[in-house]
Amino acid sequence: MPRDDGIGASVRRKEDFRFVTGQGSYTDDLNRQGQTYAAFVRSPHAHATLNSVNTSAAAAMDGVVAIFTGQDLLDAEVNGLPCGWQVHSKDGEPMVEPAHPALAQGKVRYVGDAVAVVIAETLGQARAAAEAVEVDYGVLPAVGNMTAAKSGKAQLFEEAPNNQCYDWELGDEAEIDAAMAKAAHVVELPLVNNRLIANPIEPRVAIGDYDTATGEHTLFTTSQNPHVIRLLMGAFVLGLPEHKLRVVAPDVGGGFGTKIFHYAEEAIVTWAAAKVRRPIKWTSDRSEAFMTDAHGRDHETVAKLGLDADGEFLALKVQTDANMGAYLSTFAPAVPTYLYATLLAGQYTTPLVYANVRAWFTNTVPVDAYRGAGRPEATYVIERIVEEAARQIGMDPADLRAKNFISPDAFPYQTPVALEYDSGNYAGTLEMAKQAINYDGFAARQAASKAAGKLRGIGFSAYIEACGIAPSAVVGSLGARAGLYEVANVRVHPTGSVTMHTGTHSHGQGHETTFAQVIAERLGVPIENVDVVHGDTNNIPFGMGTYGSRSLAVGGSALAKALDKVEAKAKKIAAHLMEASDTDVEFKDGQFTIAGTDKSVAFGDVALTAYVPHNFPHDELEPGLEEQAFYDPANFTFPAGCHIAEVEIDPETGTVTLANFVAADDFGNIVNPMIVEGQVHGGIAQGVGQALLEGCVYDEDGQLVTGSYMDYAMPRADNLPNFTVDTQVTPCPHNPLGVKGCGEAGAIAAPAAVMNAVTGALRAAGVTKPIDMPATPSKVWAALHAS
Amino acid sequence: MYEFNYQKAGSVADAAAKVAGADDGTLMAGGMTLIPTLKQRLAMPSDVVDIGQLADLQGISVAGGKVSIGSMTTHDTVANSADVKGAIPALTVLASGIGDPMVRNRGTMGGSVANNDPAADYPGAVLGLGATVVTDKREIAGDDFFTGMFETALDEGEIITRIDFPVPTKAAYTKFPNPASRYAIVGVFVAQTADGVRVAVTGAGGTAFRATEMEAALNANFSPSALDGISVSADGLNKDIHASAEYRAHLIGVMAKRAVAACG
């Protein structure tokens, strides 16, 4: 009988008791002895020279401890924020990589750019003094979007004369154009992938502390990857060695990518705490979060798909402009290139794919990874144009997809855009999704809607993602400035309970449960005897953190390797106790046995022997039972599946109602189906949010129009129907658990499915002009009204 | 927020005296607009005088063909009042669609009406039902109350004590919400009253207004089709990233028809 707390069981999340009873320990819950508070002076202008920053009146105000400006950082030789990925343009030149000072120097480049920091005894005093800092801005013309950036209306950096960061390509353009010229059908589609604000429920917080006795700096921060922050901030910004810099990311209330990056506030509170010899806390308020958290997406694309007369895909050509914002955030250059264009083959056998991506600086907050990061943008391009092609050539969209799918026996499959897919069965998930939504019944449902004065549409999204990020050698060759392995340490205690330390980080994903299930299954210990620890560089060996659906595929693989070592050593101890050879020892359900005998030793007895080694093979083994493993993946993993959305539109108001949504996903093996289902639900909600509700708007002058929930529409429960989600299992062949990752699938697949449904419904009403996300009522009404 | 003196009023007269005695005092009802404004440091009153809990300003009574609602009655109380539902069900529909449960349990009718946010729901009901706004000094006809965006006929320091809504023959409120804030992009309150049909529009303009052409058409024939062919001018209507003036003008027609249909 399978364990009720092992792999495959929907174990209730161990962490939820503290979360739902309000006992989580988030960064803002922490308070240090003698703590002060930081408030930032932020630019109200999108682009201006800093003529002067006068802090004298503010410095004299009640409670003010210190005020620092960009000049102070320059004087103290504090470096700017580093970028973790270098992309080269097609002419071989490296991207333009301007300095990104933690406090503005000479110029401000977006609304919210930090000019100075005030540290005071109370938050109120800090804010009051921040308002009293006198800044003389020389307001400059600003470019609030990519069209303006290209126009040359303003120039952000001397070294980027046309505001271009890079002009990158993948594939052979001449070859693509030749193939396109021979195609029976060429479908062209302009697409905008709307700019999003991540909006985790917990805003960013950073507390800097300095121990004068030991010289140790500590940063408590809302991060998805504390070791990465230690590396970036310690080695590049502040010049602090690892052994004197501790970074702690305790409970974190959602990240969605925007808490991957190293932010200025982290470096400033860490540096300033040592200057003022007091701990410093900074807590972002929600308005600050809208203005200063890195945003996501923001692509403008023209895609062209060439098909032969029978509907076989011949070539895909994609021209994309990507907004970097005012500075390069940690992973920004990689998102529209190596995390995007390499996925443009999708689930299809398209033999030729070419992408040209141009990245632009604008007077907006930096743009970087947001749930899916590049892969939602790729899926949106492929799945919108495939649907459009089906409509234009008059083929059923499911049939057109199935005709072009990579077949299940073609794996491993080398795509034309660098990746080698490991396993998959795309026809399987398409069929599951069609069944789940009753595709055959759509025509009748559409007729019923029509009779009620409504428009109905259905849309597919057969997505693929590259997860399990990432093989270090591969990403290193592509410009990554770090490795992307993972680390696990398994500490078996003398009585057989287990503490596991992981370099991944849980900020909603449920690692404390999922990883514990893997350990319970493997060692035969009850799950309540297993604790999973993450988030503190002082007690985790190392780690690259959590993003790119990597935690189980990479961190779980490191755990499996560490468990292999634990089992190997435990077998030797058991063999000694049973006076047998360790090669004869079998281990199952927490018992070591010798085949063909009635000898057995429990795991707990082996653990005790390891720590009370009276009867122990000292000549062969060291006492103790603790093992550690680093795991560098052999390949990415390739979760894939098919989502289908069905919408109903009220033509009188333009309101789009999501009538039904089904998901058939292949995540490989699944450890906790309940957690996976939750991840899929959350991802779909965010994807539907992007399609129907969310859209960050800067005006022409770079002012943030959607600076609060009054104007930025988040998806809510009543925007969503009940989802039908199911999974197919095609195990990952190259990692020990056979897992692929599930965290981003919903956000990757849903936008294209919803927009294919919306455009399908509109087409039935005669609207053929493309409509961009978010498909708000006013936009849909205007499209209908114009037709 | 900036520091201020918090004062809890013991009575309406006490509240008026406390505001009058402060350097720059402001009344607080439910605080659903004031508190976010304070938190964003967009207002710096010397004193906040809290009238939200005043017993004299609570409660609902139905008598003599009118529904009287104390100004500090919360939206949730109105939404769940059997008395209001029995007399003017459209009012419970309106109240139950304001904000979210937290807002409805704090926000008050009087606070909403006194603030006169152009996208608030209650001005539609006050105007649509021809209500009377009763203050600590006088009675003001609903038609005279809303004078402009965030402006009303209230004098400095004048406190709404209750609002009297005449019970109509039929009434309905239909709202098209802003997808982000869920305030009204357009809300239309239609009532068939002893004095004729009233159609009040909120959300679309600087302040709530009556659609007189629609009223005339509905007086002749109280059915959705009576509104066919009546187009509302987009001139002067609000426009923002969520809705153009033309879209709002169009929605007034759609919401009005749906409100008439909902009257049954």
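Into which domains is chain B divided? Chain B splits into domain 1 (5-50) and domain 2 (57-263), with bounds that come from an automatic or database domain assignment. This is a predicted model, in which local features need pLDDT of at least 70 and side-chain atom pairs count only at pLDDT 80 or more, while totals for chains, interfaces and linings use all residues. Residues are numbered from 1 along each chain as its sequence is written, and chains are lettered from A and ligands numbered from 1 in the order in which they are written.

**Chain B and its domains**

- The centres of domain 1 of chain B and domain 2 of chain B, taken over C-alpha atoms, are 26 Å apart.
- In chain B, 11 residues of domain 1 are in contact with 14 residues of domain 2; contact here means that the C-beta atoms of two residues, placed from the backbone, lie within 7 Å.
- Helix α1 (residues 12-21) of chain B supplies the largest share of the domain 1 side, 5 residues. Helices (H or I, at least four residues) and strands (E, at least two) are DSSP runs, numbered from the N terminus.
- That side of domain 1 of chain B divides into 8 nonpolar, 3 polar and no charged residues. Ala, Val, Leu, Ile, Met, Phe, Trp, Tyr, Cys and Pro count as nonpolar, Asp, Glu, Lys and Arg as charged, and the others, Gly among them, as polar.

**Where the chains meet**

- The contact between the chains takes 13 residues from chain B and 16 residues from chain A.
- On the chain B side, helix α11 (residues 245-263) gives the most, with 3 residues.
- The chain B side divides into 8 nonpolar, 4 polar and 1 charged.

**Chain A and its domains**

- Chain A is made up of domain 1 (16-23 + 485-631), domain 2 (31-140 + 201-254 + 259-292) and domain 3 (299-470 + 635-786).
- The C-alpha centres of domain 1 and domain 2 of chain A are 39 Å apart.
- Between these two domains of chain A, 14 residues of domain 1 are in contact with 16 residues of domain 2. The domain 1 side has 3 nonpolar, 10 polar and 1 charged.

**Two helices of chain A, α15 and α16**

- Helix α15 (residues 511-523) of chain A has 13 of its 13 residues buried, so it is largely enclosed by the rest of the structure. A residue is buried if 20 or more other C-beta atoms lie within 10 Å of its own, exposed if 12 or fewer, and partly exposed in between, with C-beta atoms placed from the backbone.
- Helix α16 (residues 551-577) of chain A is also largely enclosed, because 21 of its 27 residues are buried.
- The axes of α15(A) and α16(A) come within 11 Å and cross at roughly 30°; axes are lines fitted to C-alpha atoms, for helices over the stretch in contact, and angles run from 0 to 180 degrees between N-to-C directions.
- Residues that α15(A) brings to α16(A) include Phe515(A), Val518(A) and Ile519(A), and among those they meet in α16(A) are Leu552(A), Leu559(A) and Leu563(A). This contact divides into 6 nonpolar, 4 polar and 1 charged.

**A loop glycine in chain A**

- Gly311(A) sits in the loop between β13 (299-307) and β14 (313-325) of chain A.
- Gly311(A) is partly exposed, with 17 other C-beta atoms within 10 Å.
- Leaving aside neighbours within four places in sequence, Gly311(A) is in contact with Ile393(A), Met395(A), Leu400(A) and Lys403(A).

Methods
The expected span of a helix is 1.5 Å times one less than its number of residues.
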